[in-house]
Structures are given as structure tokens and as C-alpha cells.
Amino acid sequence: MPLVNILVVLIVAGIVLWLINSYIPMDGKIKRILNIVFVVVIIIWLLKAFGLLSGLMNINV
């Protein structure tokens with residue numbers, strides 16, 4: 001996946017999260033949970049995009 005595509009996805013995701021946080025009224029706890037889930041999903045997606053997550057899946061314990 002080209003680096004430009006990753007940057008575009010990160011920018012769009014950040015804008016969407018900002019819009020949700022700014023314009024949709026919610027309790028602070030719900031916003032915090034939403035932000036944490038959003039960041040975790042983005043981190044997992046980045047690990048998959050760079051091929052680091054597939055290497056972690058092959059480890060046997």
C-alpha cells in the first residue's frame with residue numbers, strides 16, 4: 001500500500017473523528033471510549049498495512 005494512501009486515510013479518519021467529537025453531543029465517557037476504540041482500530045490497520053501484524057500472528061507460544 002503506497003504511503004500516500006496511508007496518509008490520506010489517516011487524515012480522513014482524523015477529520016471524521018474530529019467531526020464526531022465536535023458536532024455530535026455525547027457524554028464525555030462515551031467520547032473517551034469512542035476515541036480509544038478508534039485509535040486501536042487505526043493502530044491495528046497500520047500494523048496490517050505495514051505487514052507487521054502478520055508476523056505477530058505466526059508466533060507460537
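Guide: Let's start with Leu7, which is found in helix H1. Helices here are DSSP runs of H or I with at least four residues, strands are runs of E with at least two, and both are numbered from the N terminus. A word on the model: it is predicted, so local features need pLDDT of at least 70 and side-chain atom pairs count only at pLDDT 80 or more, while totals for chains, interfaces and linings use all residues. Residues are numbered from 1 along each chain as its sequence is written, and side-chain values use heavy atoms, with hydrogens and water left out.

Visitor: Why is Leu7 called partly exposed?
Guide: Buried means under 20% relative accessible area, exposed means over 50%, and partly exposed is in between (1.4 Å probe, protein chains only). Leu7 has a relative accessible area of 45%, so partly exposed it is.

Visitor: What makes the nonpolar surface patch?
Guide: Leu3, Leu7, Leu10, Ile11, Ile15, Trp18, Leu19, Tyr23, Phe50 and Leu52 make it, at about 1100 Å². Patch residues need over 30% relative accessible area and no salt bridge; nonpolar side chains (Val, Leu, Ile, Met, Phe, Trp, Tyr) are joined within 5 Å, like charges within 9 Å. A salt bridge is a side-chain nitrogen of Lys or Arg within 4 Å of a carboxyl oxygen of Asp or Glu. Areas come from the Shrake-Rupley method with a 1.4 Å probe, and for residues only the protein chains shown count as cover. Helix H1 (residues 3-23) gives the most, with eight residues.

Visitor: Why is the pair of Trp18 and Tyr23 called edge-to-face?
Guide: Rings of Phe, Tyr and Trp (its six-membered ring) pair if their centres lie within 6.5 Å; planes under 30 degrees apart count as stacked, over 60 as edge-to-face and the rest as tilted. By that rule there is one aromatic pair. The ring centres of Trp18 and Tyr23 are 6.0 Å apart and the planes sit at 80°, so this pair is edge-to-face. Trp18 is partly exposed at 49%, whereas Tyr23 is exposed at 59%.

Visitor: How do you know that Asn35 is partly exposed?
Guide: Its relative accessibility is 24%, so Asn35 gets that label. Asn35 lies in helix H2 (residues 28-49). Leaving aside neighbours within four places in sequence, Asn35 is in contact (heavy atoms within 4.5 Å) with Leu17 and Asn21.
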